[in-house]
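Subject: Structure handover

Hi,

Here is the structure I promised to pass on. Please open it next to this email, and my notes follow below.

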Amino acid sequence: MSNKVMIVGTGNVGASIGFSLVSQRTAVNELILTDLDMADAEGEVMDLQDTLAIAPSFLKIRAGSYTEEAADSDIIVLAAGAPQKPNQTRLDLLAENTKIFQNIITKIMSTGFNGIFIVVSNPVDVLSYLTWQYSGLPSEQVIGSGTLLDSARLRFRIAKQLNSSPKSIHAFQVGEHGDSEFTLWSQANFGGQKITDLIKTSELNKIETDTKQAAYNIIAKKGATYYGIGACVTQIINCILHDEKRVLPISSYDNFTDSFYGFPTVLGRNGVEQRLDLNLSEKESIKLQKSINVIKSALKNCR
């Protein structure tokens, strides 16, 4: 394996993923950037190359096309498409991004690509399903960023309430990466202690609401979100290339519901190893089904 990664789309999100990769220790050996605007991709490459003399890892970075670089890539990150604007939900992006994805994936698969797709563009759960369909790859090789970023936001807020490190908080947002996502409070713990025993219900509700609204608040103030997702995708990439078999709340395929949605999933070198089978409360099970229904309805309308 060459540990070669291609990022498709060099807007704020794609560029932030690239910067996050070079700013951390990574198993990536080659990083390829491509965009409809190749001048932009080349400019991002030049900017990233300027960090290599002091970056913790050294990797080859260049701009390239699908025809030249996709075939032997181990991972292709799909960050292309229309960005979310103020007052716009992630599902509002579906019509435009569906067309963009079909075109991109058709070109990539024509090269013989047989690696792993990481879908980042929104609505990520629907686009992950469509990527699986368009590519014809096994579902294990298609991963969406899912609710990993939402879970990071959740852990930060819980940690702030408990005056501790987010790294010590074990909690997941699950379901759609969108308005119907929710917190698995039944599984959330801090050093083995149930979060629900440590924080009042009213405060738990506020944390969950603030987590779901985080992206909207950031977009309203600065126009876009990209640092958080950049760090999250770097974690996914390193988890795959290091074969960590770590549990992450990514968007993966659920055969029972025939859909992709964010849920704790074991991730390794070959992609999805397994989705965990957790004991959800009755209330959580109902919320999850409602969230899945939102995703499936969007997919049906898209078709």
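First, a term: helices (H or I, at least four residues) and strands (E, at least two) are DSSP runs, numbered from the N terminus. The model is a predicted one, in which local features need pLDDT of at least 70 and side-chain atom pairs count only at pLDDT 80 or more, while totals for chains, interfaces and linings use all residues. Residues are numbered from 1 along each chain as its sequence is written, and side-chain values use heavy atoms, with hydrogens and water left out.

Overall picture

The protein has 10 helices and 14 strands. Its radius of gyration is 19 Å, close to the 19 Å that the globule rule gives for 303 residues, so the protein is as compact as a globular protein of that length. That radius is taken over C-alpha atoms, and the rule is 2.2 Å times the number of residues to the power 0.38. The C-alpha trace spans about 55 × 45 × 35 Å along its principal axes.

Of the 303 residues, 53% are buried. Buried means under 20% relative accessible area, exposed means over 50%, and partly exposed lies in between (1.4 Å probe, protein chains only). The protein exposes about 13,800 Å², and carbon and sulfur atoms supply 50% of that area. Areas come from the Shrake-Rupley method with a 1.4 Å probe; for residues, only the protein chains shown count as cover.

Contact means heavy atoms within 4.5 Å. Among contacts between residues at least 6 apart in sequence, 69% join residues at least 24 apart.

Pockets

The search ran on a 1 Å grid over the protein atoms alone. A pocket is an open set of points with protein on both sides within 12 Å along at least five of seven lines, and lining residues have an atom within 4 Å of a point. Points are joined across faces, edges and corners; a volume is the space filled by probe spheres set on them.

The largest pocket has a volume of about 890 Å³. Its lining holds 36 residues, and Ala79, Ala80, Gly81, Ala82 and Ser121 lie nearest the centre. Helices H1 (12-23), H4 (94-109), H6 (148-162) and H8 (201-222) are the elements that give two or more residues to this lining. H4 supplies the largest share, 5 residues. By class, the lining has 18 nonpolar, 14 polar and 4 charged residues. Here Ala, Val, Leu, Ile, Met, Phe, Trp, Tyr, Cys and Pro count as nonpolar, Asp, Glu, Lys and Arg as charged, and the others, Gly among them, as polar.

The second largest pocket has a volume of about 410 Å³. It is lined by 20 residues, with Leu148, Arg155, Gln235, Arg246 and Leu248 nearest its centre. Two or more lining residues come from each of H6, strand E7 (169-170), helix H9 (227-241) and strand E12 (246-254). H9 gives the most, with 5 residues. The lining divides into 10 nonpolar, 6 polar and 4 charged residues.

Backbone points

Asparagine 122 and proline 123 are joined by a cis peptide bond, with omega about 0°. Proline 123 sits in the loop between strand E5 (116-119) and helix H5 (124-135).

Asparagine 3 is not a glycine, yet its phi is positive, about 55°. This residue lies in the segment before strand E1 (4-8). Asparagine 3 is buried, at 10% relative accessible area.

Aspartate 243 also has a positive phi, near 50°, and is a residue other than glycine. Its place is the loop between H9 and E12. Aspartate 243 is partly exposed, with a relative accessible area of 34%.

Two buried residues

Glycine 64 is in the loop between strand E3 (60-63) and helix H3 (66-69). Its relative accessibility is 3%, so glycine 64 counts as buried. Leaving out residues up to four places away in sequence, glycine 64 touches Ile32, Leu33, Thr34, Met38 and Glu69.

Serine 251 belongs to strand E12. At 0% relative accessibility, serine 251 is buried. Beyond residues up to four places away in sequence, its contacts include Asp125, Ser128, Phe260 and Tyr261. Serine 281 is 30 residues from serine 251 in sequence, and their C-alpha atoms are 21 Å apart.

Best wishes

Notes: On a 1 Å grid over the protein atoms alone, a cavity is a set of points where a 1.4 Å probe fits but cannot get out, and a pocket is an open set with protein on both sides within 12 Å along at least five of seven lines; lining residues have an atom within 4 Å of a point.
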